[in-house]
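Welcome, and please load the model in your viewer. We will go from the overall view to single residues, with something to select at each stop.

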Amino acid sequence: MMWALVLLLGQAPITYWPGEHEKSVLAEWAVEHWAAAGGFAVQKVKTAEEAEIRFRWVNPRRSGLYGQSQRVEDKGRWVNEVVVNPTAASLGPEMAARAAQDPLYGDVILFLTCVHEAGHALDAQHTSNYADIMYSFEYGGDFAAYFQRYRDRLKVRTDMQRQSPLSTGDVKQIQAAARRRSGRR
Ligand SMILES: [Zn+2]
């Protein structure tokens, strides 16, 4: 049904590459949640070069940096490079200890980081609403509790695929971004 709609509107799916990491499925689920909320199609591709959104799982060795999304030019087209830092230690000793004690909590940090950065790649902006995935910690707030509230909704890791982490505000943002995109094409 989604494909029929895509053909009808003449919109190509947004291509993404989840990167090479044992946890790259978290990036897939992240992109899929945004697509479902925004009502647009996404397509996983086999190489970074083919993709409009490219995940890189690296430790940039900068303390406090767990995710980043950047628009870069590649062979004449604009693509999004998303960096996810899978090293819990970069979050500081308290968060690292929490993640070590509860591996699912560690995966929630990674997953929500993927969701937030994929949101940037899909044109969502920071908000000051703590309920939002696009919330920026520049506004303060309890960092550990932010991840714990989503952790509390899960029993096993695959629950992340079903349990949307997006707030009402996030959904409104991605729908507006999808409308802007369809206006451009
Ligand atoms: Zn951000």
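How many helices and strands does the protein have? It has seven helices and five strands, where helices (H or I, at least four residues) and strands (E, at least two) are DSSP runs, numbered from the N terminus. A word on conventions before you click: this is a predicted model, in which local features need pLDDT of at least 70 and side-chain atom pairs count only at pLDDT 80 or more, while totals for chains, interfaces and linings use all residues. Residues are numbered from 1 along each chain as its sequence is written.

**The whole chain**

Start with a cartoon view. Along the principal axes, the C-alpha trace spans about 50 × 35 × 30 Å.

Colour by burial next. Of the 185 residues, 34% count as buried; a residue is buried if 20 or more other C-beta atoms lie within 10 Å of its own, exposed if 12 or fewer, and partly exposed in between, with C-beta atoms placed from the backbone. Among contacts with a separation of 6 or more, 73% come from residues 24 or more positions apart.

Two packed helices are described by the angle between their axes and the distance between the axes. Axes are lines fitted to C-alpha atoms, for helices over the stretch in contact, and angles run from 0 to 180 degrees between N-to-C directions.

Select residues 25-38 (H2) and 103-121 (H4): their axes come within 8 Å and cross at roughly 45 degrees. That makes H2 oblique to H4, given that angles under 35 degrees count as roughly parallel, over 145 as roughly antiparallel, 65 to 115 as roughly perpendicular and the rest as oblique. Show side chains on Leu26, Ala27, Trp29, Ala30, Val31, His33 and Trp34 of H2, and on Asp107, Leu110, Phe111, Cys114, Val115, Ala118 and Gly119 of H4, to see the residues that make the contact. They divide into eleven nonpolar, two polar and one charged. In this scheme Ala, Val, Leu, Ile, Met, Phe, Trp, Tyr, Cys and Pro count as nonpolar, Asp, Glu, Lys and Arg as charged, and the others, Gly among them, as polar.

**Helix H2 against helix H7**

Trp34, Ala37 and Gly38 of H2 meet Val171, Ile174, Gln175, Ala177 and Ala178 of H7. This contact has six nonpolar, two polar and no charged residues.

What is the angle between H4 and H5? They pack at about 105 degrees, with axes 9 Å apart, and are therefore roughly perpendicular to each other. Leu104, Tyr105, Val108, Ile109 and Leu112 of H4 make the contact with Phe147, Tyr150 and Arg151 of H5.

Centre on Tyr105 in H4. Is Tyr105 buried or exposed? With 20 C-beta neighbours inside 10 Å, Tyr105 counts as buried. Beyond four places away in sequence, Tyr105 touches Arg98, Ala99, Phe147 and Arg151.

**Ile14, in a strand**

Move to Ile14 in strand E1 (residues 14-17). Ile14 is buried, with 21 other C-beta atoms within 10 Å. Leaving out residues up to four places away in sequence, Ile14 touches Phe40, Val42, Glu52 and Ile53.

**Two positive phi values**

Finish in the loops. Lys75 lies between strand E4 (67-74) and strand E5 (77-84), and has a positive phi of about 50 degrees although it is not a glycine. Lys75 is exposed, with 6 other C-beta atoms within 10 Å. Asp123 sits in the loop between H4 and helix H5 (143-151), with phi near 85 degrees, a positive value in a residue other than glycine. With 16 C-beta neighbours inside 10 Å, Asp123 counts as partly exposed.

Conventions: Two residues are in contact if their C-beta atoms, placed from the backbone, lie within 7 Å.
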